[in-house]
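Let's walk through this structure together, one part at a time. Keep the 3D view open as you read.

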Amino acid sequence: MPGEQVRGVGPAARGRGDCAPQSPQTLRAPLAFTAKIARFGFSLARPMLLLSLAAGLYWHLSASVRPELVYHADGPAASGPAAVGIPVFLRGGDFRAAFFRRPGGPMEYCAAALAQFCYYPWAGSAILTACAVLLYANTALLLRVVGLSGGWLWALVPALLLLWNYNRYVLGIDVSLAIALNLLLGSAYLILAKTSSSAIAAPLLPALIVLAYLLTGPSAMLMAGVCVLWELLVRRNYLIAATGLATAIALPAICAWWLQLVPTWDYRQQKAICPWLAAPDAGQLAIYVALMTMVLLRCSAVAVARWRPSVMQHVSSAVDRLVGWLCKAVALCAVLAASVAIALGTLDRQLRWTLQLNYLARTEQWTELLDCLEGYPADLYTASLLCDVCRALYETGRLGSDLFRCPQQPTALFQRSQEGAFVRGSGEVLFLLGCVNEAEHVAHESLEVHGERPDILRLLARVHLAKGNPAAARVFLNVLRNDLIHGDWAAWYLQQLADNPADAGDSLVQAARANMSQADRLAEQATDEDVLLGLLEHNPANRMAVEYLLAYYLLTRQPAKLAQHFERFKSLRSAEEPHRFPPLLAEALAWSTVGPLRSRPQLPMDAVDPQAFRQVTEAMQLARQYGNNHEALDAELAQRFPYSFSRYLITGRSGAGQ
Amino acid sequence: MSKRWTYLLAPVGLLLVAATAVLLRPGADVPGQFVAIARRAAVEPDYHECVIPPNIAPLRFVVHEPGSRYIARLCGSAGKPLVTASADGAVCWPVAQWHDLLQANRGTTMHVELYVRDQGGDWQRFDDFRFHVAQEEIDRYVVYRRIRPAHNYFTQMGAYQRDLSTFTETPLLVTDAHTGRCANCHTFAARQPERMVLHYRGQQGNGMLLLRDGKISRVDTRTALFPGWGGYSSWHPDGQVLAMSFNRLALFHHEAGESREVFDYDSDLGLYDIDTGQIKAPLEIADPNWLETFPSFSADGKHLYFVRAAKRWTGDIRGKVIPPVWKEVQYDLVRVCYDSQKNEVGPPETLLAAAQVGGSISHPRPSPDGRVLSFCLHRWGSFPPFQPDCDLYLLDLATRRYWPLECNSPQTDSYHCWSSNGRWIIFASKRDNGLITRLYITYIDQQYRSHKALVLPQEDPRYYQYCLRLFNAPELLVRPVAVPQRAFSGGIVHGHKQQAKLAGPHPVVQALFPQPPTNDCTLQTLYQQLLADPEAGEVFYRAGQEFHQRGQHQQAVIAYRRAIELGGDQPWRLEALERLARILATHPSDQLRDGRQALLLAQMACQTPGRVPASHLSTLAAAYAECRQFANAVKTARRAEREALAAGQMDLLRRIRQQLEHYLAEQPLREP
């Protein structure tokens with residue numbers, strides 16, 4: 001039987017001495033090569049090296065990649081082509097059942113659970129390192145089973161590709177685990193097939209493919225591919241290979257169309273039927289390709305050895321000549337060099353910067369966020385980041401002085417309605433301002449677009465508490481209670497609600513309740529200015545609304561209106577605050593006096609800043625001097641009055657100059 | 001035996017032992033000694049005093065009392081009591097035994113004994129709670145839509161079918177980015193699954209899926225009648241004709257209170273013949289002066305019920321400017337006779353006027369016995385889910401007496417459906433938290449009184465505590481829909497699209513020409529042109545001019561309105577606005593006059609980039625006067641006077657001066 005002829009190709013079989021391939025010289029050559037390396041005295045060095053690599057990976061992940069940045073980067077936070085973020089995970093039967101009803105769901109469920117721990121920097125790095133180690137170990141096992149010489153070294157290739165993915169913030173825990181499990185199942189099959197008859201192997205392969213598909217989804221094609229190649233080229237058991245191939249092809253279609261295990265059309269099209277679309281990222285795809293290539297080469301070598309023994313003999317002797325301590329040392333050096341090169345060379349520093357800014361905003365480290373912003377490329381500013389920056393400026397009391405340190409837009413303060421779903425901090429800003437219904441709108445859209453993320457659930461709970469609907473808030477908190485990281489907070493909050501139902505909510509809720517207007521109006525008919533003025537009509541002491549209103553007038557280049565509402569700002573200043581007004585406001589007040597005499601506002605004496613007036617006069621002279629040469633004018637203004645309102649007013653630009 | 005077999009058999013043996021241990025474990029029993037607590041335990045959901053269908057799935061619940069062990073015993077006058085125990089307070093009756101016990105106790109009251117072991121190890125027995133098992137069953141299946149409480153984006157929603165006697169739920173259509181964003185308004189013919197429609201919107205376009213005897217086809221319901229898509233629908237009992245509404249909706253938001261609001265700019269009804277693919281829109285149900293929606297055929301098919309409100313605004317058909325009167329739009333309950341042989345309807349008969357009930361009526365649903373009709377009553381508009389004061393009412397069709405259902409709550413109680421025996425109503429309610437809609441079932445007794453409603457039972461008794469999906473649009477079915485999910489989603493993606501056609505003249509043309517003109521050459525030409533292209537705005541404008549000149553103001557208003565809706569940026573649109581505003585501001589008939597609308601239209605007519613014509617200003621002044629804003633009227637008339645003088649329009653100047661005298665005397669203008 002063909003299957004019997006190649007029994008014992010693997011190292012395990014060699015140990016038992018029952019290795020009996022059809023051409024012993026041919027196959028023994030590479031085996032002898034492996035054995036030579038094994039005997040070389042690296043038995044201790046190898047684990048030490050691998051341990052060092054794992055430790056190095058952990059250090060690199062925790063120091064450079066920082067998985068906690070990814071934890072906070074769901075949805076719109078990350079700019080750039082890569083989809084960064086971790087999946088939603090909730091404890092509880094209903095959430096779990098949704099995963100376990102579809103192929104690949106169990107693995108996605110486990111990966112989603114593990115990914116939550118990226119919240120803790122040490123745990124995230126440990127999990128990612130463990131994934132790499134698991135991938136390495138299972139690859140090494142498979143390569144050992146198929147008898148590839150130097151398998152332990154080749155097995156580093158997928159792990160290094162994984163490192164490349166980590167450096168691009170494609171964590172893909174689900175893909176890593178799925179590949180590792182499939183490699184394990186593939187190895188198990190190859191071992192069992194070697195020691196069993198075809199009668200057992202024939203049903204075993206489809207059964208394992210089904211199991212792999214149900215557990216890991218389309219990644220099972222890897223396991224199927226390995227086993228089919230092995231049966232086809234090495235064991236030459238065409239019937240089993242055909243059975244395996246048919247199972248691998250038919251299974252997704254059966255699950256999608258007949259059993260309806262896959263829930264939606266999208267999933268059916270992309271994940272269940274087209275496995276290559278399951279890993280749309282090139283880095284993840286490269287791991288599949290690398291693994292399949294290694295197995296294919298090994299299987300082809302065996303097939304060639306059987307077909308033309310002389311060719312393989314020639315190749316083996318050439319390889320034998322090369323083998324030696326020098327070769328070994330060079331390989332080790334190459335591995336180390338590749339590891340270091342990939343670790344240092346492929347790290348997407350720009351994306352890390354973006355993620356770090358987002359992380360600082362989500363963890364409310366406002367001063368650090370503004371510090372980190374220094375030198376950030378102007379073309380990478382997104383609506384989300386601008387919203388966070390404005391919030392940081394407000395929280396640090398620098399809205400009136402540093403607003404134009406970054407490239408601003410008139411809509412930078414917040415985004416209302418459905419657009420807010422893609423501006424991460426917008427819902428919270430609206431809530432803090434007191435626009436509770438707008439915050440609710442944004443949060444509900446975000447929930448639909450991004451799923452049950454902890455910050456969205458938390459905001460929705462607060463929104464409904466502020467609106468006096470604790471029953472609805474409780475539903476969101478109950479969901480949040482099932483979050484692995486924020487569950488305790490939700491349970492504590494629910495307890496607070498149960499203990500004190502009359503005065504429900506924390507200080508943020510109380511503040512929002514005090515600020516929220518009871519006057520109804522159609523949101524679609526109101527501008528941002530109307531909204532802020534409405535809030536101030538209800539509560540003139542709403543400091544955030546005052547500062548945001550003045551910032552709105554700055555951003556929309558309306559100094560006259562700013563002057564009109566300047567008293568609101570003045571009345572909120574406490575005695576302890578410096579007498580001098582923030583420079584941007586003083587500048588805008590000075591600009592408000594430019595124009596027809598009758599439209600000039602009456603400015604209070606203490607608001608008149610002679611320096612600002614001088615600056616305005618100079619800026620106007622420059623504008624006249626340069627005429628339509630906007631680029632030159634902007635360059636001059638950026639140099640003479642950097643980050644000023646004058647420059648923004650005249651040229652519409654802000655931030656660092658060209 | 002080889003080692004391999006040992007390894008294989010060992011776990012199997014362990015599994016068998018574990019299974020035997022579970023099967024042979026001692027059954028839970030109520031404690032012999034306990035302390036009686038003189039109150040009912042806090043349980044969720046609360047089924048106390050409910051009337052339940054004898055074929056409903058087990059009413060599982062959670063006990064919210066501190067304790068380490070919970071035992072519940074369900075007892076009736078017949079059958080062996082059911083006992084269940086748990087450590088976490090969840091009371092989960094087994095399905096088969098539950099049904100046995102319920103069948104044995106039809107028409108009687110059952111009670112649940114609750115025992116809780118406290119931290120000290122002592123048992124407490126709370127007061128029993130009771131529920132009554134009705135004699136009449138509820139239809140076994142319900143199809144509903146489940147979505148998140150989103151406002152604009154819908155990434156995934158689905159229509160699901162639930163077996164009410166078990167917990168089995170099967171998806172009919174789950175939409176996603178590929179198949180569609182939205183699946184809505186599923187309707188069945190006579191509660192049978194063989195004929196069904198389901199509307200969808202999304203990437204594959206919008207349309208209607210028509211299930212007919214196991215086959216699914218896609219229908220594009222857009223016609224010249226209305227460029228929108230079909231919405232609410234109702235099957236004639238014979239399954240041949242589908243009455244459906246064509247609504248032009250807009251979603252907008254409030255800054256305080258309930259956040260969302262949905263508004264109908266325009267709506268009409270049509271009768272879709274599923275054999276011919278033709279939509280018939282007789283004037284009685286598609287009047288351009290009215291907004292008709294929510295069609296519902298009576299069980300005998302002889303009447304078509306719907307609601308309608310006067311359309312009090314005119315605007316661009318593509319624009320979505322919210323008219324200021326939106327809060328004043330209230331719908332009347334109306335019915336027309338329906339002749340299924342001729343597919344014709346009779347004149348509308350108002351059953352309940354909005355003014356009479358002090359609110360807006362929506363979702364009329366006649367009972368299967370034809371004696372009563374259920375409807376929603378709320379403050380305004382035709383979209384009750386976002387109005388917390390929406391309640392369900394019944395109307396006695398013989399006496400016209402109406403009354404609220406006893407099971408209403410302070411929160412929204414809306415979309416409802418009768419069971420085929422007329423003893424149950426399933427409806428959507430936000431009573432739990434004011435935000436997330438859940439399905440409730442209420443029993444309607446012989447006197448048409450409703451009883452305390454029970455929430456749709458779920459397998460996991462804690463389901464509603466963390467369920468963020470809302471259930472709506474429940475439709476009861478006597479048998480399950482046998483068509484698989486893939487057929488529906490495949491129908492959207494690959495199904496052949498059938499184009500619906502409008503049968504007969506456009507309703508606006510019908511309104512303008514109740515009889516085809518025979519002797520009048522001008523009108524004949526206009527009629528022919530409008531028959532050929534019912535979206536030719538300029539022809540409507542010319543028709544309006546013609547009717548205006550002939551003193552047929554009713555028709556002129558309809559024609560101008562249609563012209564304005566279709567006008568876009570056409571130069572004659574401003575003229576149409578001005579002329580329509582003039583009629584609405586100065587017509588002697590109270591029925592036709594509408595000062596607020598006239599003012600809006602006149603203001604729009606005056607929004608020209610250059611000089612405003614004196615005639616337009618004169619009309620604006622008349623609109624101000626009609627709205628009793630005489631100071632503005634005088635100011636505008638004087639401006640018109642100057643413009644007329646500057647343009648040398650002496651006749652107009654004279655007329656304006658005459659009008660000015662009216663305004664100075666604080667009298668609105670009336671023109672024949």
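## A sheet in chain B

In chain B, 4 strands make an open sheet, in the order β26-β27-β28-β29, with antiparallel pairing. Strands are DSSP runs of E with at least two residues, numbered from the N terminus, and two of them pair if DSSP finds at least two bridges between them. The edges of this sheet are β26 (360-366) and β29 (402-404) of chain B, each pairing on one side only. On average, neighbouring strands of this sheet are turned by 30° against each other, direction ignored; strand axes are lines fitted to C-alpha atoms.

Now look inside the sheet. Strands β27 (residues 372-378) and β28 (residues 391-396) of chain B run antiparallel and are joined by 6 bridges. Opposite B:Phe375 you will find B:Tyr393 in β28(B).

## How to read the model

This is a predicted model, where local features need pLDDT of at least 70 and side-chain atom pairs count only at pLDDT 80 or more, while totals for chains, interfaces and linings use all residues. Residues are numbered from 1 along each chain as its sequence is written, and chains are lettered from A and ligands numbered from 1 in the order in which they are written.

## Domains of chain B

Chain B is divided into domain 1 (28-133), domain 2 (141-502) and domain 3 (506-664), with bounds from an automatic or database domain assignment. The centres of domain 2 and domain 3 of chain B, taken over C-alpha atoms, are 37 Å apart.

## Where the chains meet

Here, 40 residues of chain A are in contact with 37 residues of chain B (contact: C-beta atoms, placed from the backbone, lie within 7 Å). On the side of chain A that touches chain B, the largest share, 8 residues, comes from α25(A).

How values were computed: Axes are lines fitted to C-alpha atoms, for helices over the stretch in contact, and angles run from 0 to 180 degrees between N-to-C directions. Two residues are in contact if their C-beta atoms, placed from the backbone, lie within 7 Å.
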